[in-house]
Amino acid sequence: MAEPADSYEEAQRAAYLAPESVEEALALLAEHGEGAKPIAGGQSLLILLRWGLAAPTYLIGLKRIPELTRLTATPEGGLIVGAMVTEHALATSPVVQTGCPALAEAAAVVASPPVRRQATIGGNLCHADPAADPPAALIALGAEVEIAGRAGRRRLAVSALFRGFLETTVGPDELLVAVHIPPPPPRTGAAYLKHRVRGVDYALVGVGFGLTLAEDGRTFADARIGLAGVGDTPLRASQAESVLRGQPVTAESLQAAGEAAAEECHPPSDTEGSEWYRREMVKVFIRRAGQVALARARQE
Amino acid sequence: MTLHINGKSRRVRAPADAFLVDVLRDDLALTGAKFGCGMGECGACTVLLDGAAVFSCLTLAVEAQGHEITTIEGLARDGELDPVQQAFAEAGGVQCGFCTPGMVLSARALLNEHPDPSEADVRLALSGNLCRCTGYGKIVEAVLAAARKTSGPS
């Protein structure tokens, strides 16, 4: 067999390590410092590697850590999703489809089928692409991430995970190990809707919308709105949420929430859509996602 | 590292961070998987991993160990084309051919899971594979024809 050496041109090569527990992974991250990079499904990181945008000296593979692949419904009606659960698994799991349809919807529209086979929820969150779909859905679901460090584990709202463009608050010696989705209160529904040009594109605008109705069924008791594609990070539309709280369930209320969200986001202008267009689509998709979430809340 | 490819064990010397597509093409001379975009956009590098379509440009070779890898070279059995390949040829689903290995393997992966797919299923399953020649119509026709031929009377 021919020697492969000639065809591998780049100078920088990374070693590959495959820990079998979270503790072992954390020890490797501590040992190798900033040069170590955890690799989950690789569907974002390997692009950066290929094109020289990231050059770690150690890749810490996470596929052999059993804790990270669990997908568990809690007795209270919540969901624990290990960081290495794939988008494909989330999109096709009956537990997620029935118990948490907004998450299944978001996972089902990430990139293309071959990417979804390998891409993971943890990798998606840690890559922190502002136009990724799952973060907006998880914000709408009030989800938290569980982050392991050598000093112990901490929990953080998904909306507080993102620091800037492709940047999170997970430290270089920490590992995002799971996503916790709380059990929904009564009369709660959530949905994720995406606007895009081609089927495989990132979100031009994505809206995750979670809402809880008051006992009368005609008033918004609570709302949580996550936005994709309209900022430097996935966003939580706090203004739009407060516009809805206590308001009657009407088209006018949803319209007002859409206008508040369009105001508080800061979309880019690029070849796929101008800033103005994205703001208009935020209004449209808040209305549509709100209607789906409402229908689900009423079925509860 | 040792890779299981097309039913055979292949030992290969490659760096720990080598991409599967490069190992297939450069070390094993399996050039059916094409290197297209290198960023998961075009699907030309699609292979099967345990029967499911994945992008070999977004797969570390080292992580493909322990899985059954199928490339387009391994699809025909005993000189007989896979029904999907046969259908592509008959329906005219091939023009320049660059996307064809990926298209055929994505279709094969679909039929592995859903032997009797709808046209919408086919279009979704092929959504990660770009073709710049055919306009997709004949490719979709070919996959549906292969499904009809193999899923038996329904």
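## Two chains and their contacts

In this predicted model, 38 residues of chain B are in contact (heavy atoms within 4.5 Å) with 33 residues of chain A. The two chains bury about 2800 Å² between them, and carbon and sulfur atoms give 57% of that. Buried area is the accessible area (1.4 Å probe) that two parts lose on being put together, summed over both. Asp17(B), Leu58(B) and Glu63(B) supply 22% of the area that chain B buries against chain A, more than any other three residues.

Residues are numbered from 1 along each chain as its sequence is written, chains are lettered from A and ligands from 1 in written order. Local features need pLDDT of at least 70, side-chain atom pairs count only at pLDDT 80 or more, totals for chains, interfaces and linings use all residues, and side-chain values use heavy atoms, without hydrogens and water.

Two arginines sit over rings (CZ of Arg, or NZ of Lys, within 6 Å of the ring centre and within 35 degrees of the ring normal).

| Charge | Ring | Distance to ring centre |
|---|---|---|
| Arg50(A) | Phe19(B) | 4.2 Å |
| Arg288(A) | Phe285(A) | 5.0 Å |

Within chain A, helix α5 (residues 101-108) meets helix α8 (residues 133-140). Helices here are DSSP runs (H or I, at least four residues). The axes, lines fitted to C-alpha atoms over the stretch in contact, come within 8 Å and cross at roughly 170°. Therefore α5(A) is roughly antiparallel to α8(A) (over 145 degrees between N-to-C directions, on a scale from 0 to 180). Ala102(A), Leu103(A) and Ala106(A) of α5(A) touch Asp133(A), Pro134(A), Ala137(A) and Leu138(A) of α8(A).

Note on methods. Helices (H or I, at least four residues) and strands (E, at least two) are DSSP runs, numbered from the N terminus. Angles under 35 degrees count as roughly parallel, over 145 as roughly antiparallel, 65 to 115 as roughly perpendicular and the rest as oblique.
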